[in-house]
Amino acid sequence: LPGTPIAVAVLGWAVAGLGMGLLYPSLSALTLELSAPGEQGRNSSSLQLCDSLGAATVLALTGAVLASGANPASGSFLIALAISTALALTGTLISTRVTPGVR
């Protein structure tokens, strides 16, 4: 929104960065904890591959949406943010399946 102060955007990116900084080490540690001893290498590499492919796919999808808009006011930014929000909510719902200590 044009009237939004820059401080709001900076704070938003800071919160997003904090969330990512807390997520990645925790996710790797949880993957290793829940993996059987002989499967830790495979699961760790699968996690890394999924992270890379997921980021590239979402970047390509939202980039295509942004490029399809005639101008920034066309709603392409809103659609790209909606896609990202939907994926984040889906990941949150799926994450409830993981219960530490149960194998």
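Visitor: Where does Leu-27 lie?

Guide: In this predicted model, Leu-27 belongs to helix 1, which runs over residues 6-34.

Visitor: Why is Leu-27 called partly exposed?

Guide: The relative accessibility of Leu-27 is 33%, and since the label covers values between the limit of 20% for buried and that of 50% for exposed, Leu-27 counts as partly exposed.

Visitor: Which residues make the nonpolar surface patch?

Guide: Leu-27 forms it together with Met-20, Leu-23 and Tyr-24, and the patch comes to about 360 Å². A patch residue must have over 30% relative accessible area, and the 33% of Leu-27 therefore meets that requirement.

Visitor: Why is Thr-31 described as buried?

Guide: Thr-31, which is also found in helix 1, has a relative accessible area of 16%; buried means under 20%, so the word applies to Thr-31.

Visitor: What makes the approach of Thr-31 to Leu-27 a polar contact?

Guide: A polar atom in the side chain of Thr-31 lies 2.8 Å from the backbone oxygen of Leu-27, and because the limit for such a pair is 3.5 Å, the distance of 2.8 Å falls within it. Beyond its neighbours within four places in sequence, Thr-31 is in contact with Asn-43, Ser-44 and Leu-47.

Visitor: Why is Ser-26 called partly exposed?

Guide: Ser-26, another member of helix 1, has a relative accessible area of 46%, and as exposed would require over 50% while buried would require under 20%, Ser-26 is therefore partly exposed. Between the C-alpha atoms of Ser-26 and Val-10, which stand 16 residues apart along the chain, the separation is 25 Å.

Visitor: How do you know that Arg-42 and Glu-39 meet in a salt bridge?

Guide: Their side chains come to 3.7 Å, taken from N to O, and because the rule asks for a distance within 4 Å, the pair qualifies as a salt bridge. By this rule the count is one. Arg-42 is exposed because its relative accessible area is 56%, whereas Glu-39, at 31%, is partly exposed.

Visitor: Which residues does the annotation "transmembrane region" cover?

Guide: According to the unreviewed UniProt entry, the annotation covers residues 6-32, 53-70 and 76-94. In the model, residues 6-32 are 100% helix and 0% strand, with 40 Å between the end C-alpha atoms; residues 76-94 are likewise 100% helix and 0% strand, and their end C-alpha atoms lie 27 Å apart.

Notes: Residues numbered from 1 in each chain as written. Predicted model: local features only at pLDDT ≥ 70, side-chain atom pairs only at ≥ 80, totals over all residues. Heavy atoms only, no water. Patch = residues over 30% accessible without salt bridge, like charges linked within 9 Å, V, L, I, M, F, W, Y side chains within 5 Å. Areas by Shrake-Rupley, 256 points an atom, 1.4 Å probe, with all protein chains shown as cover. Helix = DSSP H or I, 4+ residues; strand = E, 2+ residues; numbered from the N terminus. Buried < 20%, exposed > 50% of the residue type's maximum accessible area, 1.4 Å probe, protein only. UniProt positions renumbered as here; feature names shortened; annotations may be inferred. Polar contact = N/O pair within 3.5 Å; in protein donor to acceptor, adjacent residues only side chain to side chain. Contact = heavy atoms within 4.5 Å.
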